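The following note sets out comments on the model shown below.

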Amino acid sequence: MLLAAVEKPSIDWAGVSPLIALLGGSIVVLLAGLLRGRVIREQAVPFLAIVAFGTTIGLGIWQWGDPVDLFVAKGSQGAMRLDELALMITFIVCVAGIATTILSWRALAPREAAHGEYYAMLLTSAAGMVVLAAATNLVTVFLGLELLSVPLYVLCATEMRRERSLESGLKYLIIGSVGSATFLYGLAFLYGAAGDTDFRGISAAISGGAAHDSLLLTGIALTMVGLAFKASVAPFHQWTPDVYEGAPTPITAFMAVATKAAAFGVALRLFDVALIDAHRDWAPMLAALATVTIIVGNVGALGQSSLKRLLAWSSVAQAGYLLAGVVVASQNGVKATVFYLCVYLFMNIAAFAVIIARERETGLGDDIGAVAGIGTSRPLLAWPMTLAMLSLAGMPATAGFIGKFSLIAAASDGGYTWLGVVIVIGSMVSLAYYLKVIAAMWMRPATGAEVATTRADGTPRLAGADPAADLESGPPWEVTFVAVLAGAAILFFGIIPSPLLNLAEDAGRSLGLL
Amino acid sequence: MSLPLSIPLWLPAAAAFLGLFLPGALSRVLTILGALGTFAWTIWAIADFERGAKGLQDVTDELWIKDLGIHYKLGIDGLNLFLIALAAFIFLMCLIWAAWGRGSARPHASQFFFFLGLAESAVLGALMAQDLALFVLFFDLMLIPFLFLAGIWGPPATRIPAITKLFIYTLVGSLLMLAAAIATGVLVAQQTGNDLSFAFTDLQASPLGKGSQEWIFLCFAAAFWVKMPAFPVHGWMPDGYRNMPMPVLAVFSAVLSKVAAYGFLRVVLPIFPDASAHFQDLMLVLALGSILYGSAMAFTTTETRLVLGYSSVAQLGFITLGIFALNGDGAQGAILQAVNHGLVVAPAFVIVAYLAERAGGSEDLRDMGGIAFRAPVLAALFLIVTFATLAMPGSSNFVGEFLILLGVFHSKLVICVIAFTGVGMAAVYALRLFIRAVHNRVGPEVTSRDLSLREGVVLVPLVVVILFFALYPQLALHKGEPSIQQSVQRAGAAAGSLATETAQAR
């Protein structure tokens, strides 16, 4: 009886096609991984994963400029909406996915976790991110969140013989679950206050007078906390350094970029569409969170000597910068956030690729000593890393400068000039640790006091394992390739940002804000 | 007929970039050729410059980033013409010095020249920019090459902490300026209802309210103040100066600080006239502090680099004094003095480096001395530079300081009277440096030899230009006058109305 009442939603297959490509690709990859041939497992499986990501991007380009509601049942406005914002996030996720696949190609993690499963989980997680970014219904939001999180919990623990990796997976699982539970609780409150799970329905309910309902405010607060866990916004960021450090480095790169993009995608849609009429209630709260995040992240990064931890703290700070674009709830804000997310992709991929290259080359792990002196010995790694650090710090002629510029412009346009000042103060503090990395690369010799006596995982280094001798082998070419490409993108979009800004502007327009 | 400004602007960086792919010996030739091309253009631009024409000349104006309203707008007028020429000239001479002077054999030479070439383009960009966002971009960009230049080729033991300090210190100001600049553009756009634009002309067309102007002024002042460096935010200067290779330091001291002074005249006074008038007293008092403190430090320290460093603090105090006299005389004096100081301090660093080579590598005054008789040419050239530094009548510096003091005399008499002591102190520290470095007893490790041909190639042109300007300072004054008058006009008017208001209130 109940089933009969449920009508089958209409499905726009063309609109769903990017998602199908990811999920279908994940199944294909999983099955291909079962084949016995070593070449198939080690070469064809990653290749298929790249094909799946690439197909998704292609289908996304095909769907560009033609926003469509997906899974529209009678009386609802659809579970998802594939507009330019969702597509931009999809592109970011897929490019990060391709980079991660290339970086994982000859890494330890897929070998230990079985290739098929590793890449299939990567694709599933990416699919979850796409769902999350496109969701226009509270239920879909939660579905997407879990679909992205669960595979990531596993992926963090894929270097199974390393205690830190297991710890990282477990920690992420526990804290992520707390975040999800809080989030779900918040969604329930929102539903209670608005009487609808649909974003536009919630928006209508709020403008219809639910704005001062304490249920709604509680719901907003709890949802915010849940998202803050995912986007590593302080004070819900404590898991970030440990998880980033413990996870296999390609996965760290993926988490840093793609999870953040998806979390901000849904934050933009939730706050700027569903809750837009409660803007006056949540904006000050979010601005305060942004301030705290910027301070905590930048100060936390100061004392780090592990590059992955340093980047984890810096990613906390960057999340604070990004929040400024959400706070103002304007077209400019969305544009700036999306643009910064794209830039953030290149900066982090470049940095993590260099870390991976040095991890495999030196045996120093991700200690800052691993990059000491590479300015002369490995210029192809040193330049991308330098550009990434300068860009993260927001120096001119890099894409990070334009990104910060548009964020600050959006903030002052929305009446939050003080938040713009907080961003630049954060950047000042951040210089101290980004410069440390640059100084290590260019201004220190390769050997000396920086050489750690233990590896990153705590085991003592092999006797006679001289880092200078390790230099002979050279970094894996594909990792260098990714680093150089990402570094070039940082420079290119720092000088010619207009193409990317135009895409971001389309995304900004898609939410129908002022 | 005129060349697009982008060509002389990017030529040094482009040549230096190509040099990266060549061996060190060729890369330096290429970089020098690039700098030479730009310098040749500046001579031609000065000759071609039309004094009577209003506004900018040789304008390049493209909408660079449409969404953010950033224009790639370059132009020259009387305000920046001579500073551009100064930058091109000093960079050229210092490149030659770095390429063929002693100690020119350095590791990764092509990178060294790449960073110097990039620095030259960034400095020229900051001077040519006619868009606030572009100006801020170049202003921050010009620091990055120096991070590497000092960090890679500085003294190994201390360079990293020193350069970190320098970088963070100066960027604290610059980043505040970034936020303030963006806020200016956004607020002006909101005020007028037009699209976001950062072009100076658009920003000048509709001045902001006093409240906004004031905090924005302070952010800009912080950036320029730190970069100069001026008392009391000069803390990075001693360590920074100790850790730069000499040719790099000469460029840094001679050119970069001038961009900060120029920023006041180009950006702050025309766009924030009310705030400039409001903070006039504060700025004048701080400038006075720079003069007195810088002079006092310059005649007590024995490190030659720091003597010159602190003398720069004092000289930039004078320049700021001229700018914030908020009248035409003061501003003209300030621009002239900015050019003069650049022309004087660069050869002073060259001479100090030569003397240090003769004193067994020590740059301490106590280890120098007594070579004047065996090295008469060097000593004579040094004497010319010294006289120019202390603003001897007959030198162009005299004209500059005279105009500055005249300007301040008209606006704030008391400050002018105190500033006169700075002129006296300049004589003390300049002569002390000269006497102790080349006269007195022969230093313990000193070997006296005169200027070699290779050294002369660098030093003689620098001194010749000083002499030329001593004979013919009207060149800069005359060509620059209309634009400089225009840049201080509004702030001067605002100061005038402020003074009447206070008088009425009393």
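1. In chain A, 78% of the contacts between residues at least 6 apart in sequence join residues at least 24 apart; two residues are in contact if their C-beta atoms, placed from the backbone, lie within 7 Å.

2. This is a predicted model, in which local features need pLDDT of at least 70 and side-chain atom pairs count only at pLDDT 80 or more, while totals for chains, interfaces and linings use all residues. Residues are numbered from 1 along each chain as its sequence is written, and chains are lettered from A and ligands numbered from 1 in the order in which they are written.

3. Chain A contains 22 helices and two strands (DSSP runs numbered from the N terminus: helices H or I, at least four residues; strands E, at least two).

4. The mean pLDDT of chain A is 88 (the predictor's confidence in each residue, from 0 to 100). Residues 448-472 of chain A fall below 50, yet this stretch has 37 contacts in the model beyond near neighbours in sequence.

5. In chain B, helix α17 (residues 396-411) reaches 23 Å from its first C-alpha to its last, close to the 22 Å expected (1.5 Å times one less than its number of residues). Its buried residues include B:Val399, B:Leu403 and B:Ile404.

Key: A residue is buried if 20 or more other C-beta atoms lie within 10 Å of its own, exposed if 12 or fewer, and partly exposed in between; C-beta atoms are placed from the backbone.
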